[in-house]
Amino acid sequence: MRDVIIAGGGLAGLTSAIHLSRAGLHVTVVEKHPYPRHKVCGEYISNEVLPYLQWLGADPAVLQPAQINRVSISAITGKMVETILPMGGFGISRYTFDQFLMQQAVNNGCELLEDTVTDILFEDNSFNVSTAENGLLKARFVLGAYGKRAILDQQLKRSFLQERSPWLAVKGHYKGGFPDGLVALHNFSGGYCGVSKVENDIINICYLVNYNTFKQYKNIDTHREQVLYRNKHLKEVFENSEPIFDRPLTISQVSFAAKEKVDQHILMTGDTAGLIHPLCGNGMAMAIHSAKIASEEVLDFFTTNSPSRNTLENNYIKNWNNAFGKRIAAGKLLSALFRKHRLSTAIMKGLVLFPMLLPVIIRQTHGKELNVTD
């Protein structure tokens, strides 16, 4: 019987694995893909989680990430405003960072299985986790950390699947001219695009587009030239950059619907628990923070020998909502406002006149530094 099985080895899953194995628990991560691999992601992390990563012994400084201290936002018309980014952050590719976190977890004694979780069943106060290659695994706790959407969601009959999502995400790495220290958020008709550097002076470009507006075009290249290029800043970025990937990575059915934080007694973390709009640029930090919340609740259960699983689950839901509820609501509001052409234009005019308002808005989607003490 394992202490914890983590379904999924992304940011939240690996961070939880480091935290829990560091404390001496028997932890197994089940991840279906080999490391390293690229993922569709904005690849910007707010410095709010940096003290926590350092406490875990997973300081990303050794990976030489791009340091980011400014943010610029542009409307479809091209009107743009730039300001200092409160707290700052860093850019690091998932290809590099996930590999790094995986190695830290393994060094702590965490078991890593390259396998697919096919079902999770809770009975007799423990979990039976079915996998494609390793058969049945048993654990006292299971953390769900398998991303935005998976076949496992269907198996668990999660309610958010009833709401069809029209969002398509596209991501690529590029070489070219882009300012150091800047994360840019550019709006276009039907979506918005984030641009920033990661390690090795690589430019990460990741954008979200409504599929209903995308499907009228033949392919990604045509859509980019006919739609994204209408924002002059996006056109400049693409025309001054050379793609590194043979073709962009894409994922569809990206859902921003509300999700259960605890489902069939599984503690959901990262994007599996809820997704903030990429316009807010803070999903990676939130995934890491959610791993901290889940890990602390599980460790409290083991160290205090608490008999109440329900208390743990209720505490996790409450702490998750306290940490992220207002941020996700602010993200939905900002996304809705920027999708309306006239309203976004008016907002940009206001921000140009009163740029001091932009840091105030940014703080609504970011948290405070995660200070941790032993």
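Here, buried means under 20% relative accessible area, exposed means over 50%, and partly exposed falls in between (1.4 Å probe, protein chains only).

## About the model

This is a predicted model: local features need pLDDT of at least 70, side-chain atom pairs count only at pLDDT 80 or more, and totals for chains, interfaces and linings use all residues. Residues are numbered from 1 along each chain as its sequence is written, and side-chain values use heavy atoms, with hydrogens and water left out.

## Salt bridges

Count a salt bridge whenever a side-chain nitrogen of Lys or Arg sits within 4 Å of a carboxyl oxygen of Asp or Glu, and you get 14 of them.

Take Arg327 and Glu48, whose side chains pair up at 3.0 Å, N to O. Arg327 belongs to helix H9 (residues 309-338), while Glu48 is in the loop between strand S3 (44-46) and helix H2 (50-55), 279 residues apart. (Helices, H or I of at least four residues, and strands, E of at least two, are DSSP runs numbered from the N terminus.) Both Arg327 and Glu48 are buried.

Another salt bridge joins Asp263 to Arg158, with the closest N and O atoms 3.4 Å apart. Asp263 lies in strand S16 (residues 262-263), and Arg158 in the loop between helix H4 (151-155) and strand S10 (167-176), 105 residues apart. Asp263 is buried at 10% relative accessibility, and Arg158 is buried at 2%. Through shared partners, salt bridges tie Asp153, Arg158, Glu260 and Asp263 into one network.

## Helix H7

Helix H7 (residues 232-239) has His233, Leu234, Val237 and Phe238 as its buried residues. On the other side of H7, Lys232 and Glu239 are exposed.
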